[in-house]
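Open the model in your viewer and keep the selection tool at hand. The stops below say what to select and what is found there.

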Amino acid sequence: MKKIILFDLDGTLIDSTSAILDGFDGAFMAYNGTKPDHEKVKSLIGHTLDDMFVSLGAKKEDVAFIRSKYKEIYTQIYLPQTTLLPYAKETIEQAAKFAKLGIVTTKGSASIPVLMRHLGVLKYFDAIVGLNDVVNPKPNAEPVNLALSRLNANDIQRQNAFMIGDTKFDCLAAKNAGIHALSVLCGYSSEKELKEYNDKIFANTLEAVKFAKNF
């Protein structure tokens, strides 16, 4: 019986930092004529876009406008400005040999299959859950449970299911859903930050997958 491995995207499998920053720059220039602090933006990746906008000083009533500007820019640039992180391709190929794979992310749902096809790895994933698929995103258990449902996970498989991600939201979503959380240092959170939520921390996704295989 195959295990199950769910992956976050940004900072876990992919690097889309430049596209995200360009999108935020353009959206906030249209909103208030200033560009947000890039380090602050990167520290917020993992939150929903709307929460990120508010954390960067936007008024809640203006979020819809900023979101529309961001998406207008991002959709034009995200494919050429997104790459797989080091070890990601090998990670996915190795994981697919012993596990059913899924994606659980707060990215907009429509862009994910297009992006993963562009990166040459869509065929490995049997379930994709993005922001538009759920009411309650990570750290709520809903997106993890939806992915497990789409993978037809039984009770035994749930006991051998893993969520791999680079932020506390991935860890908390996994724990709230009752599956194993594996954290990686290739993304946007420091080891110190992750240690507050998890003791299973790996340098990259390949090391995390090796752990899951031998678990």
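Which residue forms a salt bridge with D10? Select D10 and K107: the two form a salt bridge, and their closest N and O atoms are 3.1 Å apart. Bear in mind that this is a predicted model.

**The D10 and K107 bridge**

With the pair still selected, colour the chain by secondary structure. D10 sits in the loop between strand 1 (3-7) and strand 2 (14-15), while K107 sits in the loop between strand 4 (99-104) and helix 6 (111-118), so the bridge ties together parts that are 97 residues apart in sequence. D10 and K107 are both buried.

**The largest pocket**

Keep K107 selected and show the pocket surface. K107 is among the residues closest to the centre of the largest pocket, together with L49, Y70, T106 and G108. In total, 32 residues line this pocket, and its space comes to about 610 Å³. Next, select helix 1, helix 3, helix 4 and helix 9 (168-177): each supplies at least two residues of the lining. Helix 4 gives the largest share, with five residues.

**The aromatic cluster**

Select F24, F28, Y31, F53, Y70, Y74 and Y78, which form one aromatic cluster. The structure holds twelve aromatic pairs. One of them is F24 with F53, a tilted pair with 5.2 Å between the centres and 50° between the planes. F24 lies in helix 1 (residues 17-32) and F53 in helix 3 (residues 49-55), so this pair ties together parts that are 29 residues apart in sequence.

**T82**

T82 is buried, its relative accessible area being 4%. Now select what surrounds T82. Leaving aside residues up to four places away in sequence, T82 touches I14, D15, S16, L115 and L119.

**Other salt bridges**

The structure holds ten salt bridges. Select E39 and K42, whose closest N and O atoms are 3.0 Å apart in a salt bridge. Where does this pair lie? E39 and K42 are in helix 2 (residues 38-44), and because they are three residues apart there, about one helical turn separates them. Switch to a surface view: E39 counts as exposed at 53% relative accessibility, whereas K42 counts as partly exposed at 24%.

Then select D50 and R67, whose side chains meet in a salt bridge at 2.9 Å, N to O. This pair links distant parts of the chain, with D50 in helix 3 and R67 in helix 4, 17 residues apart. D50 is partly exposed, with 28% relative accessibility, and R67 is partly exposed, with 25%.

For the last stop, select D8, K138 and D170. Salt bridges with shared partners join these three residues into one network.

Terms used: Residues are numbered from 1 along each chain as its sequence is written. This is a predicted model: local features need pLDDT of at least 70, side-chain atom pairs count only at pLDDT 80 or more; totals for chains, interfaces and linings use all residues. Side-chain values use heavy atoms; hydrogens and water are left out. Rings of Phe, Tyr and Trp (its six-membered ring) pair if their centres lie within 6.5 Å; planes under 30 degrees apart count as stacked, over 60 as edge-to-face and the rest as tilted. Helices (H or I, at least four residues) and strands (E, at least two) are DSSP runs, numbered from the N terminus. Buried means under 20% relative accessible area, exposed over 50%, partly exposed in between (1.4 Å probe, protein chains only). Contact means heavy atoms within 4.5 Å. A salt bridge is a side-chain nitrogen of Lys or Arg within 4 Å of a carboxyl oxygen of Asp or Glu. On a 1 Å grid over the protein atoms alone, a cavity is a set of points where a 1.4 Å probe fits but cannot get out, and a pocket is an open set with protein on both sides within 12 Å along at least five of seven lines; lining residues have an atom within 4 Å of a point. Grid points are joined across faces, edges and corners, and a volume is the space filled by probe spheres set on the points.
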